[in-house]
Amino acid sequence: LLLQYFATSRNPLINEKKWLSTRAGILKELERNLLNVPNVTVEKQEFKTEILYRQQGPTRLKGANIVVTFHGLNSRTKHDEILLVGAHYDSDSTRLASINDNGSGVVAILECIRRLSDEIINNGTFLLYTIIFVMFDVQRSQLVILFYRQK
């Protein structure tokens, strides 16, 4: 995953194609790993923002946070405790920075999701509490807000 999606720049102003393909790749990976996993939701939270990069003026673009929620037995009750784990999937311009900024964090999240899904499906593991994994987009935007609404 690091080499496939995160070894090159994913900055929307430098390499928009890679930025969009990385998002699509993350969603594809989630679809593959979350197949038949109960009590899990995946949301793509789209938003509009402005990004400032170097000496250029602000550029408007549409970003999308990817939110994966594992609902535990206490989900949506007063006894629920929520663990939030996050990383961002866009990057700066250099190759080394791209892996560390924050490709390694997103790959760690994807691996946690894969292992947790495997435990739930193959070993009958269940969660008491809610775990939310967020892969944030557009780290350098002026404003990126995650609104999590319980339905």
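Two aromatic pairs turn up in this predicted model, counting rings of Phe, Tyr and Trp (its six-membered ring) with centres within 6.5 Å, where planes under 30 degrees apart are stacked, over 60 edge-to-face and the rest tilted. One is Tyr 5 with Phe 6, an edge-to-face pair at 6.3 Å centre to centre and 75 degrees between the planes. Tyr 5 and Phe 6 are both buried (under 20% relative accessible area; exposed is over 50%, partly exposed in between; 1.4 Å probe, protein chains only).

Phe 70 and Phe 133 have ring centres 5.9 Å apart and planes at 80 degrees, so this pair is edge-to-face too. Phe 70 belongs to strand 2 (residues 59-70) and Phe 133 to strand 4 (residues 130-136), so the pair ties together parts 63 residues apart in sequence. Strands (E, at least two residues) and helices (H or I, at least four) are DSSP runs numbered from the N terminus. Phe 70 is buried at 1% relative accessible area, and Phe 133 is buried at 4%.

As for confidence, the chain's mean pLDDT (the predictor's confidence in each residue, from 0 to 100) is 85, with 83% of residues at 70 or more. Residues 142-151 fall below 50.

Residues are numbered from 1 along each chain as its sequence is written, and side-chain values use heavy atoms, leaving out hydrogens and water. Because the model is predicted, local features need pLDDT of at least 70 and side-chain atom pairs count only at 80 or more, while totals for chains, interfaces and linings use all residues.

Technical notes:
Contact means heavy atoms within 4.5 Å.
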